[in-house]
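Hello,

Please find the structure we talked about below.

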Amino acid sequence: MDRRDFLRKTGTALAGASGALSLPVLTSCADETVHADSVLEGKRWGMVIDLTRCRDGCTACMDACRKTNNVAFHDDARWDVHWIRKATIKPKDESVGHEEKSVLLMCNHCDNPPCAQVCPVQATYKREDGIVVVDHHRCIGCRYCMIACPYNARFFNFKHNPDWPNKEYPQRSHGVVESCNFCAHLLDQGKRPACVEACESVGAGALIFGNLNDRNSEVSRLATGGFAKRIRDDWGTKPKVYYIGL
Amino acid sequence: MAMDVQFSKIEGRSFPYYLTVAVLASFVLAGFVATLIMHEHGLYLSGMTNRVPWGLQISMAIFYIGLSAGSLVVSGLYGVFGKMEYKPFARIAAYLAMLFLIAGLLSIFTDQGRIDRVFTKPFTYANATSMFSINPALYSGHIMICVLYLWALFKEKGTLTKITSLVVVLWAIGTHTGTGAIFAFVPRELYNSSLLPPSFVAAALSSGAALMILVIVSLSRATGRHLDNELVIWLGRRLLSIFLLVTLYVLLIENAHRVYVAAEHEAGMFFLFGGTHSFFFWVGLITVGCVIPAVLLFIKRTGTSLRWTVFASILVVVGVLFERYLIVIPGLIHPPELFPGWEIVDAVFLEGVASYTVSYLEILQTLGVLGFIGFAFVVGLKVMPLAPNEARALPAA
Amino acid sequence: MKRSTVLTEKNRIRWATVFSFLIILPLGLSVVGFVLSRGQETEVFLEAPDPKWEACYRDAEYMRYHHMDLLKDVREEVVRFGIRGGLTLAGCGDCHTNRDQFCDRCHEAASVRLDCYGCHYYPERVAERELERINPTLQGPGQEPTEIDPAVQDPEQEPARIDPALQAPQEGR
């Protein structure tokens with residue numbers, strides 16, 4: 001056999017062998033079900049925000065969140081990250097009224113999250129207890145989830161975060177996307193989110209948090225009692241943050 | 001009558017050739033350095049913000065993907081429809097399509113926040129519902145089919161050429177629909193539209209065909225190899241003009257629908273009349289990009305002139321570049337209507353209409369990718385027999 | 001059979017040079033890195049065993065070869081399934097108080113880049129951790145420790161337990 005024949009035969013043999021050997025790797029999916037049982041079963045976390053109790057000029061929830069979760073603040077509206085943020089709204093049609101009111105905006109932890117639908121590495125996903133969480137070890141920073149979120153609730157870390165107020169919780173390096181995670185690390189320890197605690201400690205108590213699956217919980221009662229509505233639930237995202245007084 | 005088309009490498013020893021290669025290589029280096037800087041320090045060095053998280057790189061990425069469609073259509077004229085007079089261009093068309101797809105992937109890769117993770121995680125943790133998982137699979141498959149197609153063309157394997165040519169054209173439609181779906185399947189007011197994928201395909205075909213015209217003509221002028229004008233004029237008058245009409249049609253329906261239906265009216269009006277992007281739309285895309293070239297190509301005097309065809313092609317490429325920008329940016333700068341009937345008067349975040357200004361590092365990144373395409377193409381012409389010795393139109397029967 | 005038009009008799013040497021350069025360059029860099037790292041200490045040092053923990057989770061041999069798998073498994077459990085209460089990085093830090101002797105020494109010798117500390121807090125020097133306990137600041141890791149303000153120090157608290165052997169880290173154990 002001549003050189004060309006030899007090369008062709010060896011090449012095919014090698015290609016076939018490497019294909020066969022790599023078959024197990026190629027056909028196995030990333031092992032997502034490492035642990036069958038989970039502590040999160042049965043819970044469906046939700047929040048009710050009572051805007052009638054939200055005070056003008058108060059920033060307790062935003063400050064507590066920023067401090068507890070090491071959320072980046074650069075004093076620049078282009079790159080500041082907000083897990084919970086305030087806005088003041090006024091009726092467009094003046095004949096309806098002039099009353100301005102404060103609203104709080106945050107990740108709505110939708111039951112149909114478009115962000116989780118579009119994440120190419122499943123770094124953003126909905127946990128069993130309904131919280132939409134970002135796995136920052138996996139996020140590649142493509143920002144597609146930010147495009148997909150119709151509430152503009154997701155933020156990218158454009159710049160290194162110079163502050164680290166809470167050393168017991170990690171901060172995020174630049175290059176990944178984040179949003180409110182209902183302080184999942186506190187929930188897993190049986191505590192409540194930082195914003196809820198802060199709002200209560202200043203005496204406003206506008207943030208009510210709890211398990212929507214528990215029919216006796218306050219949050220469940222308020223959410224389903226007909227008092228509360230969600231932001232643009234016509235989008236079909238099924239948000240789990242309800243508003244009273246919107 | 002059998003056409004015996006000869007292909008040969010270009011000599012590539014002249015000073016202008018070496019200068020071109022050197023300039024393109026320096027562009028690639030500049031782009032590489034710019035990407036490295038942004039990867040190290042953070043994307044705040046770009047013009048993107050938390051309201052406009054996608055900018056120039058993504059717009060250019062979809063522009064490149066679109067350009068690959070048209071060149072494949074030209075090579076498909078020979079492979080699928082058997083038009084022998086277009087055989088001379090089949091190889092450069094297939095090669096260029098492959099380069100544009102690689103450039104699209106490169107543009108997206110260099111835009112990621114964590115480029116170090118993007119080489120493994122999208123493969124091990126792919127998400128079947130995400131367009132950003134589906135599309136790179138489509139692009140990679142497309143590249144592999146282009147390689148196979150190119151190989152079949154080099155080896156003059158008739159049946160394989162026909163099969164791969166058909167597969168690549170169909171796959172291209174899938175790729176471009178998928179690219180349009182990245183935006184269309186997302187619940188943002190100016191993105192969410194079933195007409196966006198077809199509009200993307202139509203604009204892709206227009207820009208690709210126009211670019212092929214420009215490449216064919218410049219190649220023939222630069223290498224001194226013969227080119228029959230009728231071939232280019234046919235591409236312009238019978239192919240590009242039709243693509244332009246389809247593009248205009250889909251754009252018209254899309255915008256008319258938005259403005260008509262009450263729910264999307266405000267967003268539609270913002271897009272058409274609400275900012276600088278509207279100027280880009282009416283002047284850049286509609287007038288310069290579609291209407292003027294279509295008119296030039298349909299009128300007999302200009303449509304049968306090579307010069308005017310080339311001019312019209314340049315206008316189309318520029319117009320579609322504006323169109324890609326218009327797909328990405330206006331949807332992001334327009335705020336979502338969170339509280340219908342209410343307006344936001346004060347906030348800690350940029351809740352209203354945002355803005356986006358390109359930064360010089362992003363421009364360097366774009367130059368880098370363009371340089372890569374140019375470099376690979378120009379060096380490819382020297383290393384492989386891609387360019388036809390001559391391109392003659394078939395004599396009348 | 002058609003003769004190759006890319007790889008010809010004339011340009012064979014040129015292609016061979018390019019090809020070998022592409023192969024040899026990364027290999028060569030690895031060899032140079034390996035040679036340069038000879039002689040570096042790669043034993044992990046246990047500075048101050050904390051009486052809170054009886055023993056490490058597994059023995060040193062296991063940890064040396066499997067700590068990365070362990071970290072990954074715990075990470076998946078905590079982040080994706082919310083199962084906490086097991087191993088934590090802070091728990092390791094109770095005994096292995098010193099990042100540059102616990103992690104960096106071996107990782108630098110092995111040339112394996114770590115991505116952890118851009119986000120997770122693990123001080124480089126033991127003094128920093130003690131200072132943090134006494135006088136928490138906003139500084140991230142790797143910064144110069146601030147001076148302890150005596151007014152801030154709680155008089156009832158025990159003074160910082162700093163191993164005198166570590167005052168001059170260059171002198172080794």
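**Chain B as a whole**

Of the 397 residues in chain B, 52% are buried. Please keep in mind throughout that this is a predicted model.

Chain B has 13 helices and five strands. Its radius of gyration is 22 Å, close to the 21 Å that the globule rule gives for 397 residues, so chain B is as compact as a globular protein of that length. Along the principal axes, the C-alpha atoms of chain B fill a box of roughly 75 × 50 × 40 Å. Among the contacts in chain B with a separation of 6 or more, 78% are between residues 24 or more positions apart.

Helix α8 of chain B covers residues 229-260, which is 32 residues. From its first C-alpha to its last, α8(B) reaches 45 Å, close to the 46 Å expected at 1.5 Å a residue. Where does α8(B) bend? The bend is at Leu240(B), and it comes to about 35 degrees.

Helix α12 of chain B (residues 306-333) contains Phe322(B). Is Phe322(B) buried or exposed? A residue counts as buried when 20 or more other C-beta atoms lie within 10 Å of its own. Phe322(B) has 21 within that distance, so it is buried. Leaving aside neighbours within four places in sequence, the residues in contact with Phe322(B) are Phe280(B), Gly284(B), Leu285(B) and Gly289(B). Val283(B) is 39 residues from Phe322(B) in sequence, and their C-alpha atoms are 9.7 Å apart in space.

**Where the two chains meet**

The contact between the chains takes 46 residues from chain A and 40 residues from chain B. On the side of chain A that touches chain B, β2 (84-91), α3 (114-118), α4 (144-148) and β6 (155-156) of chain A each supply at least two residues. Which of these elements gives the most? It is β2(A), with seven residues. The residues on this side of chain A divide into 26 nonpolar, nine polar and 11 charged.

β2(A) also pairs across the contact. Five bridges join β2(A) to strand β3 of chain B (residues 342-347), and the two strands run antiparallel. Within this pairing, Ala87(A) stands opposite Ala347(B), and Thr88(A) stands opposite Asp346(B).

Inside chain A, β2(A) pairs with strand β3 of chain A (residues 101-106), in the antiparallel sense and over six bridges. Here Ile84(A) stands opposite Met106(A). Note that the label β3 is used in each chain, for residues 101-106 in chain A and for residues 342-347 in chain B.

**A covered helix in chain A**

Helix α2 of chain A (residues 60-69) is mostly covered, with eight of its 10 residues buried. Among them are Cys61(A), Met62(A), Cys65(A) and Arg66(A). What do the buried residues of α2(A) pack against? They pack against β2, α6 (194-201) and β8 (207-211) of chain A. Just after α2(A) comes Asn70(A), which takes a positive phi of about 55 degrees.

**A sheet in chain A**

Four strands of chain A form an open sheet in the order β8-β1-β10-β9, and the pairing is mixed. β8 and β9 (228-229) of chain A stand at the edges with a single partner strand each, so one side of each has no neighbour in the sheet. Strand β1 of chain A (residues 45-50) pairs with β8(A) in the antiparallel sense over five bridges. In that pairing, Trp45(A) has Asn211(A) as its bridge partner.

Most residues other than glycine have a negative phi. Two loop residues of chain A are worth looking up with that in mind.

- Gln122(A) has a phi near 55 degrees. It lies in the loop between α3 and β4 (124-126) of chain A.
- Arg143(A) has a phi near 65 degrees. It is found in the loop between β5 (132-134) and α4 of chain A.

Regards

Notes: Residues are numbered from 1 along each chain as its sequence is written. Chains are lettered from A and ligands numbered from 1 in the order in which they are written. This is a predicted model: local features need pLDDT of at least 70, side-chain atom pairs count only at pLDDT 80 or more; totals for chains, interfaces and linings use all residues. A residue is buried if 20 or more other C-beta atoms lie within 10 Å of its own, exposed if 12 or fewer, and partly exposed in between; C-beta atoms are placed from the backbone. Two residues are in contact if their C-beta atoms, placed from the backbone, lie within 7 Å. Ala, Val, Leu, Ile, Met, Phe, Trp, Tyr, Cys and Pro count as nonpolar, Asp, Glu, Lys and Arg as charged, and the others, Gly among them, as polar. Two strands pair if DSSP finds at least two bridges between them. The radius of gyration is taken over C-alpha atoms; the globule rule is 2.2 Å times the number of residues to the power 0.38. The expected span of a helix is 1.5 Å times one less than its number of residues. The bend at a residue is the angle between axes fitted to the seven residues ending there and the seven starting there.
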